[in-house]
Number of protein chains: 2
Amino acid sequence: MAQTLRQNRLLMTTTKRPAKMVNKKSSGRPIKVAILGFGTVGSSVARVLAAGKYPGLRLTHIYNRDVERKRLSTAARYVPADAIWTENINDVLTSKVDIIVELMGGLKPTEAWIRAALTLGKSVVTANKQLIAYRGASLLRLAKAHSVQLIHGAAVAGGVPVIPGLLHGQSADHITRIRGILNGTCNYMLTRMEAGAGYAEVLSDAQALGYAEADPSADVDGFDARAKLCILSRIALQAELDPDQVPAQTISTIEKIDFMYAKELGCTIRQVSTAQLDSTRAGAMVQARVGPMLIPHTSPMAWSHGTQNMVVASGRFGGDVVFSGRGAGGEPTAVAVVSDLLAIAQGGVSVELPVHRRRVTGDFISPHYLRFVVNDRPGIVSSIAGALAKVGANIDSILQRPGHDKHALPFVVTTEPCLNSTIDKAVEAMAKMNCMLERPLCLQMLEPEPPTA
Amino acid sequence: MAQTLRQNRLLMTTTKRPAKMVNKKSSGRPIKVAILGFGTVGSSVARVLAAGKYPGLRLTHIYNRDVERKRLSTAARYVPADAIWTENINDVLTSKVDIIVELMGGLKPTEAWIRAALTLGKSVVTANKQLIAYRGASLLRLAKAHSVQLIHGAAVAGGVPVIPGLLHGQSADHITRIRGILNGTCNYMLTRMEAGAGYAEVLSDAQALGYAEADPSADVDGFDARAKLCILSRIALQAELDPDQVPAQTISTIEKIDFMYAKELGCTIRQVSTAQLDSTRAGAMVQARVGPMLIPHTSPMAWSHGTQNMVVASGRFGGDVVFSGRGAGGEPTAVAVVSDLLAIAQGGVSVELPVHRRRVTGDFISPHYLRFVVNDRPGIVSSIAGALAKVGANIDSILQRPGHDKHALPFVVTTEPCLNSTIDKAVEAMAKMNCMLERPLCLQMLEPEPPTA
């Protein structure tokens, strides 16, 4: 059996050893599970495990800093009475735990602990997007070297099975583009703004609801989404990207007026993450970017409301596949985590395809939306048109809503498709014009797709 | 290793033996694949295999009736030159083929051949919805008894990874409802009718495009969709249903006028398949039904256009997860088939959960749409209202568009939520009224869902 498995894996991948099953010592004993980090997701994992569908999985250890506070919380009622609560990671690492569920997040000290666990022959299930985006390739190699599993279905889109769908149902396709709404906090904020609220108000509400941190930068500036995008790129495009090389544009410069103009253009605004094989460069680069975009109301991405996530995977053979649902929250994320636990417990192995390191370009060809706030005077449109003409960009439309103060007049120009690097040159020139009261806002626009047959 | 695997599977399921890997004899040899049925999907599978992503899989046998015709077709250019073309199934069954891809469809002679293949130790990948809906439970037991794999990710929704997503990403959830658009032909026809075409015209076009058979009954009368619904019920609800017990309502009675009235009600019309655990009967029954329904424009299902499929899986923990994409066609289906091949080749095992046989009820509580065509005279509305009052159904709205002949007047009544069995009694009584020029059309209406947070 071991030899059979080894042959198989040698054939299809470069695996040196067979995957080790978790329950490797005694006959019929339950599979022991430890949770590192007993916050919202951790306590939901305990609750889903306690719901009784998986008698073979037993929660035996909970690690958390200041663990007594957690042990006395109401969430602790879903943890078996004989589980060990500890604030010493060595109690978990030296135990007979089979699978460690890592829900602490971040790189320090998490990475070192995960490496220790894998090296000690424990499988790991994690929802840690930063860890998997920045260290995933290396950690997956370490897991393979020690014949254990590292699964991270919850690291992207929470309860939406994008990673399992890509790995198990679309591995045969040649996926050329991944595009999606990967940050529920931004989607909540932009959905609220679409309904008429202002940025400061919705940020404050998102913080009060626990969707956004006191420092909201990871969400609104796109760093959370680009980590997830890099994980999807590794799986779907077989392209390993450096997250820090993926351009991320903040949503914090979007204002109510932009939703009004977007609506006139048949669009809404969403934080969109895109990674696509750059066909002009023979697959050697990946075009990748995170930021607010104008999305036509007819696009699936405009359907995504509130904290929902959505991913569209475009394949050469299978066309566009859309996944959507709850991308965050304790229980949806716990579904993904416990499904991964169940897969390991049943001896499942992840489908593996070779991954190649790819350089990133943030340059896309698309129409652009430019919104200016100017102190109005004759000749402004002519100056702007001149700046665009100088870089070779063509104007598609000019929109100016009535009723604004001429001394702080917002108006919009849209362009025909061109590279953002081209538009950026024009924006630099226009930002220096005396009439500009603020830096022009430049957003990519998603072109409407032809209707499906 | 074998013992480890056995222990695991004994623990989590009632498996008696470990799953056998496919490549079980020689070291490093490719995994041999046979295709039964070289039609649109079969030739697409050959093409996807030939695209070069999976060097370890080798297509060695093609079975088809009248095989010379296939061997001489242009589609044959994707088949390796040394593959064996045969119209004798025994050439495949007695060969050293590891995995058989069954794309013939139907129960005869397919079922017997699949049974023979599994018994001979060959794994099977199939897209055969009828076979899996009617015989899946028994065939899965047979596969397990012979330690081989039977995977059927392509049997529902073609290239949309609904089955892999449910099995690998949502196994931990307690899914209480599966609802979806499972038949692309009906969706194409109803999308065309939504845009103004008549039923006869769109049926004729669907036949010309190869979407519908000369006898379109399997599609338009819902038999195709209910087979798929029963497969999803087994996986998502862990409920084994008899497909013949699932009520199926035809779409052939839908007319242009129904789309006009639907639009006034903020809706469109789609063929919808639903299976849900009947909470009022403690899970002992499943409410299941296939048929045309009024769908609010705000529902994800109203987004589904053309031949697309869509599935919404509603879980106790994970909420609603939406999958959509190309549900049919050679290449999307081939992606699902080859992804299943790759999973078997890499030693993957399907996640298994216990399945229980459940009885079906077609009775749902919902609002209803009733469309009448009457020879107008005073007192008709009063008679209809009386028939509804007699069964205890409340009218929600009455719609009558202007401009129709009073001797063949279509008008619509919608009711508040009640059981279809209640409405059916009223329809029986109303059908007998002298004024009725045809049997009243009764459609369930999907209630608008509250917006997501």
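Guide: A disulfide is counted here as a pair of cysteine sulfur atoms within 2.5 Å. This is a predicted model, in which local features need pLDDT of at least 70 and side-chain atom pairs count only at pLDDT 80 or more, while totals for chains, interfaces and linings use all residues. Side-chain values use heavy atoms, with hydrogens and water left out, residues are numbered from 1 along each chain as its sequence is written, and chains are lettered from A and ligands numbered from 1 in the order in which they are written.

Visitor: How many disulfides does the rule find over all chains?

Guide: A disulfide is a covalent bond between the sulfur atoms of two cysteines. Here the count over all chains is zero. The sulfur of A:Cys230 has that of A:Cys186 as its nearest cysteine sulfur, 16 Å away.

Visitor: How much area do domain 1 of chain A and domain 2 of chain A bury between them?

Guide: The size of an interface is often given as the accessible area lost when the parts come together. With the loss summed over both parts (1.4 Å probe), these two domains of chain A bury about 940 Å², 64% of it on carbon and sulfur atoms. A:Lys129, A:Ala133 and A:Tyr134 supply 51% of the area that domain 1 buries against domain 2.

Visitor: Which side chains meet in a salt bridge?

Guide: The rule asks for a side-chain nitrogen of Lys or Arg within 4 Å of a carboxyl oxygen of Asp or Glu. A:Lys129 and A:Asp224 meet in this way, at 3.2 Å from N to O, and one salt bridge is found across the interface of domain 1 and domain 2 of chain A.
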